[in-house]
Amino acid sequence: FLQGLLLLKKNEIPKFFQKWGSVFSEWDTKVKKTNRSRLENCINFTLNETKIDKIILGFDNSKQFKEVINKFSPFNSKAFCIRKLKPISLVNPTKWKLL
């Protein structure tokens with residue numbers, strides 16, 4: 001989920017990512033239309049995207065772990081479509097220069 005970026009509220013996104021504000025605004029708009037959380041929309045996308053074989057998730061604490069587990073099982077609904085995220089400097093964390 002872009003290292004958790006898609007789970008953050010717009011005002012929580014670090015300054016480095018502000019240049020992609022329109023992408024995050026579009027994401028927020030689509031999330032609001034679904035009446036689901038950011039996490040639910042991310043999970044729904046991964047479960048319905050045929051090009052995704054596996055996902056790797058990281059957690060900061062047991063609360064986050066439990067929340068994801070509860071949202072994953074079972075999750076059935078229509079795929080949540082999002083625009084292909086570009087540029088590569090946003091979707092590839094190795095390109096992030098946070099310091």
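How many aromatic pairs does the count come to? In this predicted model, the count comes to 3. Take F16 and F17 to begin with: their ring centres sit 4.9 Å apart and the planes stand at 90 degrees, so this pair is edge-to-face. Both F16 and F17 are buried. F16 also pairs with W20, with ring centres 5.7 Å apart and planes at 65 degrees; anything over 60 counts as edge-to-face, so that label applies here too. W20 has a relative accessibility of 8%, and because the cut-off for buried is under 20%, W20 counts as buried. Put together, F16, F17 and W20 form a cluster linked by ring pairs.

Nonpolar side chains in soluble globular proteins tend to be buried together. Here the largest such core has 14 residues, and L5, L6, F17, W20, F24 and L90 are the ones with the most contacts inside it. Helix α1 supplies the largest share of this core, with 4 residues. Have a look at L90 as well: setting aside neighbours within four places in sequence, L90 touches L2, F17, W20, V23, F24 and W96.

That leaves the way α1 packs. Helix α1 (residues 21-34) and helix α2 (residues 38-48) have axes that come within 10 Å and cross at roughly 95 degrees. Angles of 65 to 115 degrees count as roughly perpendicular, so that is how α1 lies to α2. On the α1 side, W27, D28, V31 and T34 make the contact, and they meet R38, N41 and C42 of α2. By type, the residues of this contact split into 3 nonpolar, 2 polar and 2 charged.

Technical notes
Residues numbered from 1 in each chain as written. Predicted model: local features only at pLDDT ≥ 70, side-chain atom pairs only at ≥ 80, totals over all residues. Heavy atoms only, no water. Axes fitted to C-alpha atoms, helices over the stretch in contact; angles between N-to-C directions. Helix = DSSP H or I, 4+ residues; strand = E, 2+ residues; numbered from the N terminus. Parallel < 35°, antiparallel > 145°, perpendicular 65-115°, else oblique. Contact = heavy atoms within 4.5 Å. Nonpolar A, V, L, I, M, F, W, Y, C, P; charged D, E, K, R; others polar. Core = buried A, V, L, I, M, F, W, Y, C linked by side-chain atoms within 4.5 Å. Buried < 20%, exposed > 50% of the residue type's maximum accessible area, 1.4 Å probe, protein only. Phe/Tyr/Trp six-rings, centres within 6.5 Å; stacked < 30°, edge-to-face > 60°.
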